[in-house]
Amino acid sequence: MRRSFTLVNVLLLLALFGDAPWAIKCSLLCEQGNLAVIRPHSVTITEFGAVGDGVTLNTKAFQNAIFYLNSFADKGGAKLFVPTGRWLTGSFDLISHLTLWLDKDAVILGSTNSDDWPVIDPLPSYGRGRELPGRRHKSLIYGRNLTDVIITGDNGTIDGQGSIWWDWFRNQTLNYTRPHLVEFMNTTGVVISNLTFINSPFWTIHPVYCSQVIVQNVTILAPLDSPNTDGIDPDSSDDVCVEDCYVSTGDDIIAIKSGWDEYGMSYGRPSKNITIRRLVGQTTSAGIAIGSEMSGGVSEVHAENLRFYNSTTGIRIKTSPGRGGYVRNIYISNMSLTDVKTAISFTGRYGEHPDEYYDPTALPLIERITVEDVAGQNVKYAGLLEGIEGDTFLDICLLNINLSVTSKSPWNCSYIQGYSDTVSPEICEPLRERIFPDHYSDCYCLSHHLQSSSNQNRGGAWLSW
Ligand SMILES: *[C@@H]1O[C@H](CO)[C@@H](O)[C@H](O)[C@H]1NC(C)=O
Ligand SMILES: *[C@@H]1O[C@H](CO)[C@@H](O)[C@H](O)[C@H]1NC(C)=O
Ligand SMILES: *[C@@H]1O[C@H](CO)[C@@H](O)[C@H](O)[C@H]1NC(C)=O
Ligand SMILES: *[C@@H]1O[C@H](CO)[C@@H](O)[C@H](O)[C@H]1NC(C)=O
Ligand SMILES: *[C@@H]1O[C@H](CO)[C@@H](O)[C@H](O)[C@H]1NC(C)=O
Ligand SMILES: *[C@@H]1O[C@H](CO)[C@@H](O)[C@H](O)[C@H]1NC(C)=O
Ligand SMILES: *[C@@H]1O[C@H](CO)[C@@H](O)[C@H](O)[C@H]1NC(C)=O
Ligand SMILES: *[C@@H]1O[C@H](CO)[C@@H](O)[C@H](O)[C@H]1NC(C)=O
Ligand SMILES: *[C@@H]1O[C@H](CO)[C@@H](O)[C@H](O)[C@H]1NC(C)=O
Ligand SMILES: *[C@@H]1O[C@H](CO)[C@@H](O)[C@H](O)[C@H]1NC(C)=O
Ligand SMILES: *[C@@H]1O[C@H](CO)[C@@H](O)[C@H](O)[C@H]1NC(C)=O
Ligand SMILES: *[C@@H]1O[C@H](CO)[C@@H](O)[C@H](O)[C@H]1NC(C)=O
C-alpha cells in the first residue's frame with residue numbers, strides 16, 4: 001500500500017501550500033507588545049512599614065501599598081518595588097496597571113498559617129475546589145478583573161513555603177483546596193518574567209479566564225515528590241505565550257486546562273492560541289499536559305524546542321468520558337527527551353469527576369494532533385495511546401520521531417486513528433498509514449513543516465524517501 005514519495009510530490013505540495021491561508025496559522029506567534037512598560041510612579045514596600053526579616057507578617061503593608069498605588073492606575077500606572085530581604089506575607093491582591101518588581105535577593109515568602117490565605121469561591125468552571133468540595137484558599141498573589149499587570153524583577157524569588165500545605169494534604173487535614181502561588185482571573189494583559197517561583201502549595205502559576213498572558217524567562221522549582229505542584233497552568237485562557245522557562249516540579253511542567261465536566265461544559269470558555277517555546281525541565285509527571293480538565297475545549301496549541309529529562313512523560317493528553325469538550329489542532333515540534341518513561345501518552349480513562357452529576361455520555365472530541373521532530377534517549381515506552389471505545393481519537397500524526405527505547409513493546413495504541421512517517425521504533429498498526437502523499441491535509445500544521453523544511457533546506461531526511 002505504501003507509495004513512494006517523489007520529487008513530483010514535493011513540488012506539488014509546495015505549490016499547493018505556497019499560498020495556503022492556513023499555513024500562516026502554523027507559524028508560532030508570540031507577539032510581545034511592550035514588555036518593558038515604564039511606570040511613571042514607584043514606591044518601595046518599606047515605605048508602608050514592611051520589615052524584611054522573614055518573621056514579620058507584611059500582608060497589611062502589601063495591601064496598603066497597592067491601595068495607595070491604585071490612585072495612579074489612570075495616570076500610567078505604578079511600580080511596587082520589593083528590595084533585598086525576606087518579606088513574609090499572606091495573600092494580597094494586585095490591581096490594573098501595576099508592576100510588582102522584585103530585586104535580586106528579594107524573597108516574598110508565603111505565610112505558613114493557613115488563616116493568612118483567605119477562602120474564596122470555587123471557579124465556576126470547576127463547580128467546587130479541585131481537591132476538596134466547596135471553597136478554596138486564595139493564591140498568595142491574586143488578581144481579578146484586571147488589565148495590564150506585570151510581575152517581574154532581577155530574579156527575585158516568590159516562595160510559597162508549600163511544604164506545610166503538602167503535609168496538610170498528605171495527612172488529610174486540609175479544610176479547603178490548596179492555594180496557587182499566583183492566580184489571575186478574568187485578566188487581560190499579564191506579564192510574568194525574570195523571576196524564580198519556588199515551593200508552591202499547589203499549581204504555581206494559574207491564569208484562568210485570561211487573555212494575552214506572557215510568561216517569560218522564569219524558573220519554577222519544587223521537590224519532585226511534592227504533590228500537584230504544576231508549573232504553569234493556562235486554564236480557559238487564550239493568547240498565552242510561555243517561553244524560555246526552566247521548570248522542575250512534582251507535577252506537570254505545563255498543564256493546559258479548561259474546566260471540569262458539566263461545570264466546564266456549561267461555563268464554555270476554551271483555552272486557545274497557546275504558544276510554548278524553549279521550555280526545559282523535569283517532573284514526575286508530564287512535560288506538557290492537556291487536561292485532564294478540558295471540558296471547555298482546548299485548541300491551537302503550538303509548542304516547540306522542548307527538552308524534558310528524568311521525567312515520566314513528554315507529551316500527555318488526559319481526558320475521560322464525562323468531560324465533553326475537545327482537544328484539537330495541537331502541534332508539538334522539536335522535542336528532546338532523556339531518561340523519560342513514556343514519550344507520548346494519551347489517556348482516555350483518566351476518571352476524577354467533580355461529583356456524581358457528570359454525564360458519562362459526554363465524550364471528548366480529540367483530533368488533529370501532530371507531533372514531529374522528536375529525539376529520545378533511554379525512553380521506556382514510545383507511545384501509550386489510549387482513546388475511548390466509541391470515541392476514537394482522530395488524525396493523530398507522528399512524523400520524524402527517533403527514540404531509543406528499552407521496552408520490547410514500545411507502542412500500545414487503542415481507539416486511535418491517524419498517520420505517520422519516519423518513526424522509529426516502528427509505529428503501532430493504527431497509525432501505520434503514511435502521511436505522504438495522501439494525508440498531509442488531514443494532519444494539523446504539516447504545511448509549516450514543508451515550508452520550513454524547504455526554506456531551511458532541512459530536506460535531507462525528506463527527499464531520501
Ligand atoms: C469581578 O467581576 C465580577 C463580575 O462583574 C464581580 O462579581 C466580582 O465582584 C469582581 N471581582 C473583583 C475582585 O473585582
Ligand atoms: C471581568 O472583568 C471585567 C472588568 O475588567 C468585568 O467588567 C467583568 O464583569 C468580569 N467578568 C467576570 C465574568 O468576572
Ligand atoms: C532572564 O532573567 C534574568 C534575571 O532573572 C536576566 O538577567 C536575564 O537577562 C533575562 N534573560 C532574558 C533573555 O530576558
Ligand atoms: C535565577 O535564580 C534561580 C534560582 O536561584 C537560578 O536557578 C537561575 O539560574 C537564575 N536565573 C538567572 C537568569 O540568573
Ligand atoms: C499534619 O501535618 C501538619 C503540618 O506538618 C502538622 O502540624 C499536623 O500535626 C499533622 N496532623 C496529623 C494528624 O498528622
Ligand atoms: C481546619 O479546620 C480546623 C478547625 O477549624 C483547624 O483547627 C485547622 O487548623 C484547619 N486546617 C487547616 C490546614 O487550615
Ligand atoms: C528581563 O530582563 C532583561 C535583562 O534585564 C530585560 O532586558 C528584559 O526586558 C526583561 N524581560 C521582561 C519581560 O521584563
Ligand atoms: C495568538 O496569541 C498571540 C499572543 O501570544 C497574539 O499576538 C496573536 O494575535 C494571537 N493569534 C490569534 C490568531 O488570535
Ligand atoms: C530544537 O530545540 C533545541 C532546544 O531544545 C534548539 O537548540 C534547536 O535549535 C532546535 N532546533 C530547531 C531546528 O529549531
Ligand atoms: C530523577 O527523578 C527522581 C524522581 O523521579 C529523583 O528522585 C531523582 O533525584 C532525579 N534525578 C535527577 C538527576 O534529578
Ligand atoms: C536515531 O538516533 C540514534 C541515536 O540515538 C542515531 O544513531 C540514529 O542515526 C538516528 N536515526 C535516524 C534515522 O536519524
Ligand atoms: C496496552 O494498554 C492497555 C491499557 O490501555 C493494557 O491493558 C494492555 O495490557 C497493554 N498492552 C501491552 C501489550 O502492553
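Start by colouring the protein by pLDDT: in this predicted model the mean is 92, and 89% of the residues reach 70 or more. Now select residues 1-24, where pLDDT stays under 50. For this stretch the model has 19 contacts beyond four places in sequence. Then jump to residues 451-465, another place with pLDDT below 50; here the model shows 11 contacts beyond near neighbours in sequence.

Next, switch to a cartoon view of the whole protein. You can look for seven helices and 28 strands. Of the 465 residues, 55% count as buried. Among contacts between residues at least 6 apart in sequence, 74% join residues at least 24 apart.

Which residues of H3 are buried? They are Ala61, Phe62, Ala65, Ile66 and Leu69. These residues span an arc of only 125 degrees around the axis, so they sit on the same side of H3. The spacing follows a general rule: an α-helix has 3.6 residues a turn, so residues three or four places apart point the same way.

The buried residues of H3 pack against strands S1 (41-44), S3 (78-82), S4 (85-89), S5 (92-93) and S6 (98-102).

For the last stop, select ligand 3. What surrounds ligand 3? Show Asp154, Asn155, Asn194, Asn217 and Asp244, and you have its surroundings. By class, this shell holds three polar and two charged residues, with no nonpolar ones.

Conventions:
Residues numbered from 1 in each chain as written. Chains lettered and ligands numbered in written order. Predicted model: local features only at pLDDT ≥ 70, side-chain atom pairs only at ≥ 80, totals over all residues. Near = placed C-beta within 6 Å. Nonpolar A, V, L, I, M, F, W, Y, C, P; charged D, E, K, R; others polar. Helix = DSSP H or I, 4+ residues; strand = E, 2+ residues; numbered from the N terminus. Buried ≥ 20, exposed ≤ 12 C-beta atoms within 10 Å, placed from the backbone. Contact = placed C-beta atoms within 7 Å. Arc of directions from axis to C-beta. pLDDT = per-residue confidence, 0-100.
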